[in-house]
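Open the model in your viewer and keep the selection panel at hand. Each stop below says what to select and what is there.

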Amino acid sequence: MSAAMTCWGVYREAAHSPGRIDDDAAILERVGAVLVERGFRVELIAADGLIETPSANVFVMCERGTILDRLATMEKAGSIVVNSPAAIRNTYRHRMIELFAQRRVPAPLSRIVATDAMKPRPADCMWVKRYDFHATQPDDVMYIASETGWRQALREFAERGIPFVIAQEHVAGDLVKFYGVRNGAGPMDANWFQWFYHRDKGMLGHSFAAARLHEAALDAAAALGLEIFGGDAIIQANGEPMIIDLNAWPSYALYRDQAAQAIADHLSERFRRRPRIVASTRN
């Protein structure tokens, strides 16, 4: 079997998958199974088991910086890595808010604040989030509505050794989740997209154009360079979506079989043809 028909899949680290370990593993394994059906040889490995190899085909859910460094070295040596390590790093919140601003992606007003600064709470700040990874535990994202809550949140993050937080405004409206696979360099290049309302969330029932959500989500993914992505948006009273979060390779739990087929379609093309989608990068 040729090297082009051999690939590795890398699991997400358990610490980066709170409450979703089984779901995250399931989508990676389902994609691997579909690729095997299409003639690929697939090996699924833990992030710590990754060995630097040139000209490899790799699809990854991992997020830790040291593993991304290893993947970046492989990429420079000719490997195809999906999502690219640069794009995964761009999902770290402090990078994401800067890239969203540059690309004018509709997103909440956000500020980076040092946890030891103990500055007064910004008047429009209602959410405090760790500045780098998405949630690794429940209190990585906190809703705060008072100066006392703000100062306590900063203290708790500082005590955990997290030097910065994102102070973010609250956006009123209906919360929706979306999943996608982007197969080109342009914001509207996608071969699969799905959205749905979050369960157990109060709904105001704002009407909106699904095509507008599609456009905003794909523009957000293009801003970060993501090919396989998911996130959350708020549908405002005027029907406009506001992107509040974007992740590299979510669990796709409600649409696992559909997503696995779409992801495998994309990976098959990437690994066979080997041209690389260029990610937005910031080193």
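Start with two helices, α1 and α7, which are oblique to each other because their packing angle is about 55°. This is a predicted model. Select residues 21-37 for α1 and residues 256-273 for α7. Their axes lie 9 Å apart. α1 crosses α7 in a right-handed sense.

Now show side chains at this contact. From α1, pick Asp23, Ala26, Ile27, Arg30, Val31, Val34 and Leu35. From α7, pick Arg256, Asp257, Ala259, Ala260, Gln261, Ile263, Ala264, Leu267 and Ser268. Colour them by class: the α1 and α7 contact has 10 nonpolar, 2 polar and 4 charged residues.

Select α4, residues 93-103, and α6, residues 210-224. At what angle do α4 and α6 pack? The angle is about 115°, and the axes are 9 Å apart. The crossing of α4 and α6 is right-handed. On the α4 side, the contact uses Met96, Leu99, Phe100 and Arg103. On the α6 side, look for Asp219, Ala220, Ala222, Ala223 and Leu224. By class, the contact of α4 with α6 holds 7 nonpolar and 2 charged residues, with no polar ones.

Next, the largest pocket. Centre the view on Lys177, His198, Asp232, Asp245 and Asn247, the lining residues nearest the middle of the largest pocket. The volume of this pocket is about 1,400 Å³. Its lining counts 42 residues.

Which strands each give at least two residues to that lining? Select β6 (125-130), β8 (164-169), β9 (174-181), β11 (228-235) and β12 (241-248). Highlight β12: the largest share of the lining, 4 residues, comes from this strand.

Select Val82 and Asn83 and show the backbone. The peptide bond from Val82 to Asn83 is cis, with omega near -10°. Asn83 sits in the loop between β4 (80-82) and α3 (85-90).

Last, go to Ser55. Where is Ser55 found? Ser55 is in the loop that runs between β2 (41-45) and β3 (57-60). Check the backbone torsions there: phi of Ser55 is near 60°, a positive value in a residue other than glycine.

Definitions and conventions:
Residues are numbered from 1 along each chain as its sequence is written. This is a predicted model: local features need pLDDT of at least 70, side-chain atom pairs count only at pLDDT 80 or more; totals for chains, interfaces and linings use all residues. Side-chain values use heavy atoms; hydrogens and water are left out. On a 1 Å grid over the protein atoms alone, a cavity is a set of points where a 1.4 Å probe fits but cannot get out, and a pocket is an open set with protein on both sides within 12 Å along at least five of seven lines; lining residues have an atom within 4 Å of a point. Grid points are joined across faces, edges and corners, and a volume is the space filled by probe spheres set on the points. Axes are lines fitted to C-alpha atoms, for helices over the stretch in contact, and angles run from 0 to 180 degrees between N-to-C directions. Angles under 35 degrees count as roughly parallel, over 145 as roughly antiparallel, 65 to 115 as roughly perpendicular and the rest as oblique. A crossing is left-handed if the near helix is turned anticlockwise from the far one by less than a right angle, and right-handed if clockwise. Contact means heavy atoms within 4.5 Å. Ala, Val, Leu, Ile, Met, Phe, Trp, Tyr, Cys and Pro count as nonpolar, Asp, Glu, Lys and Arg as charged, and the others, Gly among them, as polar.
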